[in-house]
Structure formats: C-alpha cells, structure tokens
Amino acid sequence: SRGGFLQGRLFSAIRAAVTLAIVGGLVLKLSPGDLRDTVAGSDPWLLLAAAAMMFAVQALVAVKWAVLLRARDVRMPFLRLARVHCIGNLMSNVLPTAVGGDVYRVYRVQREANARAADVTMSVLYERATGYGAMTCLGALGAAFHYGHAAIGLLALAGGAAAALALMYALPRLPFPAVRHDHFIRNLLADRREMMAVYQMAVFSLLIQALYISTIALAGRALGIDVSWWYWAFSTWVVALVLLLPVTIGGLGLRESGYSGLIDSAGGTASQGASAGFALGLLLIVSYAAGLLLIEAAERLGMVEVHSSAG
C-alpha cells in the first residue's frame, strides 16, 4: 500500500540519519590523529588473513542454511543459495532499506525453489537463532574466563560438552508429537529430521562463531589491540546484542561505539576499538562482495549454472 511504502521510506530515512549522527558523534569524540595513526600502523597481512577467514565464515554460514533448508525438503543449487545469502546480507549492511536481507532471502528462495514460505522462513529463523545461541554460549564462556577464575570457565566447558552429548543421545529417542500435517506445530518443526538438523547446526554454529571471533581478534591484532581471545568473545557477544536494535544501517555506529568502549576498558584505546569495529563492518561487506564476484565469474566461465528461470 502507499502508506506502507511511505512508512518504509520514512523508516529508512530515520535509520540513515541516526547512522550519520552516531558515526559523526563518535568521530568527533575520538582524536582524528589517533584514528589515523591506528589505521596507518595496521598490519596489512593480518588484515588480509582476517578477510580470508571472514570469507570462510560466510561460506560455512551458507552451508548451514543449506542443511536447514534441505531438512524441510527445500532444494536449491548451493551457488544460487550462496548468491541469495550474499545479496541479502549486503542489503542489510549497505542499503538503508526497511526490507531486511532476511525478507529478501525468504522471497528469493521461496520463488526460485517453489517452496512454502513457512518452510523457508523457519530455515532463516533457525539459521539466525543457532548463530545467536552459539555466540551467547561463547560470550558467556569469555566472561567466565576473563572476569572469573579459569576453573569456572573449564567447568562451564565441561558442562556444555556433557549437555551436548546428552542431547545427541536423547533427541533421536524422544517421541515426536503426532499432530496433523497442517498443524501450526508443523510450521515450527516439520519432523524429527529437522529437529536433528537444528541440533547439529547449533553445534556447528559453535565452530562458525569461534572462527568469526577469531577473525575479529585477528583484525584487532592487526590494529595493535592486545587482548585475550576470550575477551573478544565476550565483547563480540555484547556488541551482537546491541546490534539487534535496528536503528542504524548495518549496525554502523553502534558496532564501532560498542567496541570503542569495550576495548578502552580492557587496556586498549577507544580509537583502536572503533577502528576494529569499522574493520569488521568492512570485512563483512568485502566477504559478501567477493562471494558474489566469484559466483559471477564461475557462471561466466561456464563452470556452473547459477541463474534460474524465476529471474
């Protein structure tokens, strides 16, 4: 409707204005000389390694999403799915649109794979939920190791491993509710196979998030930040919670302000933290753009067929 369109444009304009205000305020608060010196003194090889690691992380996220879709019998060539993943996330990180990247992902996969909207939507929700769940676990462990005694962190690790093993044994044996195929529970969880896939991808997400944190830690090291990996896990979890507020474009400004304060309190400088936040946002955009370029190159060389008749 026209009203909805105008409201969407208004929301986009507000997000753009808030983004400019937060970024401008952060730059004014920090010393331009410190920011310049931090960036100028960075290690380009470590940043390049961080970019390669971020690309691998996004490839693994696409694999996870493909597994969750397959559990609902939604089948789509992986490179086409990876293209949708990259475009959707670029929309979320670059464009001031009121239509999020996840909405785009649901729309494209539903159309190209001729799938039910509920099936694709739940796959996206589970992909996001398992990622945030894994980030929460690692963030809590980071807080335990950094602020508490090492024994607390080790005890938490042992408890988590025991719970994972118990679930691995119990889930295949738990009774699945016998409900009609069109019951709303079937929209939330299609069958036992999907339940197992969600559990497996939740465990897989721990690896993905550990690599994601390592990418941020590597970028931070390139910028001269000397903090432990566990502190990066804790601070990245805190920043991820802040970024759930959709008030800026791709979290720009909120991410940099969050890392600025957290790194400053850990012995680094506010400029280093803000630079790490900017670097993280740039690494995300570069990884999505690189993925699209590689898929396009593979298609043009005739190595794969990526486009579909759905347009």
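## How α3 and α6 meet

The axes of α3 (residues 44-70) and α6 (residues 117-147) cross at roughly 135° and come within 9 Å. The crossing is right-handed.

On the α3 side, the contact (heavy atoms within 4.5 Å) includes Trp65, Leu68 and Leu69, while α6 brings residues including Val120, Tyr126 and Thr130. By class, this contact has seven nonpolar, three polar and two charged residues.

## About the model

This is a predicted model, in which local features need pLDDT of at least 70 and side-chain atom pairs count only at pLDDT 80 or more, whereas totals for chains, interfaces and linings use all residues. Residues are numbered from 1 along each chain, and side-chain values use heavy atoms, without hydrogens and water.

## The largest pocket

Now for the open spaces. The largest pocket holds about 1100 Å³ of space. Of the 43 residues lining this pocket, Asn89, Ser92, Arg128, Tyr132 and Leu243 lie nearest its centre. The lining has 23 nonpolar, 14 polar and six charged residues.

## The second largest pocket

The second largest pocket has a volume of about 470 Å³. It is lined by 20 residues, with Cys137, Gly160, Ala164, Val203 and Leu206 closest to its centre. Helices α6, α7 (150-170) and α9 (192-222) each give two or more residues to this lining, and α7 provides the largest share, seven residues. By class, the lining has 17 nonpolar, three polar and no charged residues.

Conventions:
Axes fitted to C-alpha atoms, helices over the stretch in contact; angles between N-to-C directions. Helix = DSSP H or I, 4+ residues; strand = E, 2+ residues; numbered from the N terminus. Left-handed = near helix turned anticlockwise from the far one by under 90°. Nonpolar A, V, L, I, M, F, W, Y, C, P; charged D, E, K, R; others polar. 1 Å grid on protein atoms, 1.4 Å probe; cavity = no way out; pocket = protein on both sides within 12 Å on 5 of 7 lines; lining within 4 Å. Points joined across faces, edges and corners; volume = space filled by probe spheres on them.
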